Amino acid sequence: LFCVHGSDQGAQLIKYDIPNRKATNQNAPFLSMSFLQLSQDKSKLFFIGGHPTEPTAVAEYNISTGEFHKIRVECEVDIDKSYYSVPQSLTFPSGDGVAYGYFYAPTNPEFEGPDGEKPIVLLKVHGGPTSAASTNFNLKYQFWTSRGIAVFDVNTAGSTGFGRDFRRKLYKNWGVYDIQDCKNAVKFLGQQGLANPKAAVIDGGSAGGYTTLACLAFTDAFAAGCSLYGVADLELLAAHTHKFESRYLDKLIGEYPKEKDIYIKRSPIHSIDSIKAPLLLLQGDEDKIVPPEQAEVMYNTMKEKGSVVALKMFKGEQHGFRGSEAQIQSLEMELYFFSKVLGFQPADNCTQVAIENL
């Protein structure tokens, strides 16, 4: 029996001898492994292997020889590894327990930050919401860290990989504990001297976009935020989500429409007046899961009440940007937006986005 065991040092490939009840670490050269599959003759194990400084790969493990081999990597990258920020696993107090995350410190061999000044930190919230952040190679994170901005990839309550109780903690509490964990993450990073808590920004896509919007609507922990195709209206999500997740929200929020009041209370679209921090909305105009109208309502309402807000609607994009142009522009627009609202000069000539009420 083969399994993957998570730890603070990364995932370990474990071979478990069932008759003798003995577990042996196979010393895989990866820090994350998923989608394990035995070959038909049971001589090899195939999986997706990840590492913070190397592109993710389809890999194989020869059970008899103990050798690992990369079959194919996702991309070829010619970047000096001295520019890569290597994530540090952190556990921080939150509510009546703890939450987790991976901290990427600003890293660029050509520059140093000003003496005595802590960096801006971008808190990233994964989707799902019962998914998880990982340490897999991510050039988008290196985009930020190489430009002097720290990244904290948070695993809030409900994330997988930290035990059943932690995953189930989000049941009936999506929009409560995830927000609490994000707020406490900023506090912790400030206490540890890793980042400037007054210059914390947040982003996330889909379910992570919901938590981003909710953090801005229901807390004052962030100086700005960016929602990528984020859920603003939980009722609409419950009514129109795809069949596979049709009763997903019953566990995470409550039975709909019986507990409709909870959906309304926790929906950022009903608390737009509470959003004081600048907000960037990035949305695909063909999104069937989170209709573009949600982003448009958020944008128009904030614009009319004089709040700092920007919206970019990407033509032909759906739930999650697929085209390279949209991926590049969304990243540059986010940097541009944060630079304007926080008052710093980015090193790049970024793709700009029109910002209202700045």
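Student: How much space lies in the largest cavity?

Tutor: About 50 Å³. A cavity is a set of points, on a 1 Å grid over the protein atoms alone, where a 1.4 Å probe fits but cannot get out. The volume is the space filled by probe spheres set on those points, with points joined across faces, edges and corners.

Student: What kind of model is this?

Tutor: A predicted one: local features need pLDDT of at least 70, side-chain atom pairs count only at pLDDT 80 or more, and totals for chains, interfaces and linings use all residues. Residues are numbered from 1 along each chain as its sequence is written, and side-chain values use heavy atoms, with hydrogens and water left out.

Student: Back to the holes. How many cavities of 30 Å³ or more turn up?

Tutor: Two, in a search of the whole structure.

Student: What lines the largest cavity?

Tutor: Val125, His126, Pro129, Thr156, Ala157, Leu170, Trp174, Asp178, Ala207, Gly208 and Thr211. A lining residue has an atom within 4 Å of a cavity point.

Student: Which element gives the most to that lining?

Tutor: Helix 4, residues 207-218, with three residues. Helices (H or I, at least four residues) and strands (E, at least two) are DSSP runs, numbered from the N terminus.

Student: And what is the lining by class?

Tutor: Six nonpolar, four polar and one charged. Ala, Val, Leu, Ile, Met, Phe, Trp, Tyr, Cys and Pro count as nonpolar; Asp, Glu, Lys and Arg count as charged; the others, Gly among them, are polar.

Student: What about the volume of the second largest cavity?

Tutor: About 50 Å³. Its lining is Leu213, Ser227, Leu228, Tyr229, Gly230, Ala232, Leu281, Leu282, Gln283, Gln294, Ala295 and Met298. Strand 13 (224-228), strand 14 (279-284) and helix 8 (292-304) are the elements that give two or more residues.

Student: What does methionine 313 touch?

Tutor: Gln283, Gly284, Asp285, Pro292 and Glu296, leaving out residues up to four places away in sequence. Contact means heavy atoms within 4.5 Å.

Student: How many bridges join strand 1 and strand 2?

Tutor: Four, between residues 2-5 and residues 12-17. Two strands pair if DSSP finds at least two bridges between them. Phenylalanine 2 has lysine 15 in strand 2 as its bridge partner. Lysine 15 also stands opposite threonine 24 in strand 3.

Student: What does the hairpin from strand 2 to strand 3 look like?

Tutor: It has four residues between the strands, and arginine 21 in the turn has a positive phi of about 50°.

Student: What's the strand order in the four-strand sheet?

Tutor: It is an open, antiparallel sheet in the order 4-5-6-7. Its edges are strand 4 (32-38) and strand 7 (68-73), each pairing on one side only. Neighbouring strands are turned by 25° against each other on average, direction ignored.

Student: How many bridges join strand 5 to strand 6?

Tutor: Seven, with strand 5 spanning residues 44-51. Glycine 49 is bridged to alanine 57 in strand 6. Two residues make up the hairpin link between these strands.

Student: And strand 6 with strand 7: how many bridges?

Tutor: Five, again antiparallel, with strand 6 at residues 54-62. Tyrosine 61 is bridged to phenylalanine 68, and glutamate 60 to histidine 69. The hairpin has five residues between the strands, and glycine 66 in the turn shows a positive phi of about 80°.

Student: Last one. Where does threonine 107 lie?

Tutor: In the loop between strand 9 (97-104) and strand 10 (121-125). The threonine 107 side chain reaches the backbone oxygen of alanine 105 at 3.0 Å. Not counting residues up to four places away in sequence, threonine 107 touches Ser82, Tyr83, Tyr84, Ser85, Thr145 and Ser146.

Methods. Polar contact = N/O pair within 3.5 Å; in protein donor to acceptor, adjacent residues only side chain to side chain. Axes fitted to C-alpha atoms, helices over the stretch in contact; angles between N-to-C directions. 1 Å grid on protein atoms, 1.4 Å probe; cavity = no way out; pocket = protein on both sides within 12 Å on 5 of 7 lines; lining within 4 Å.
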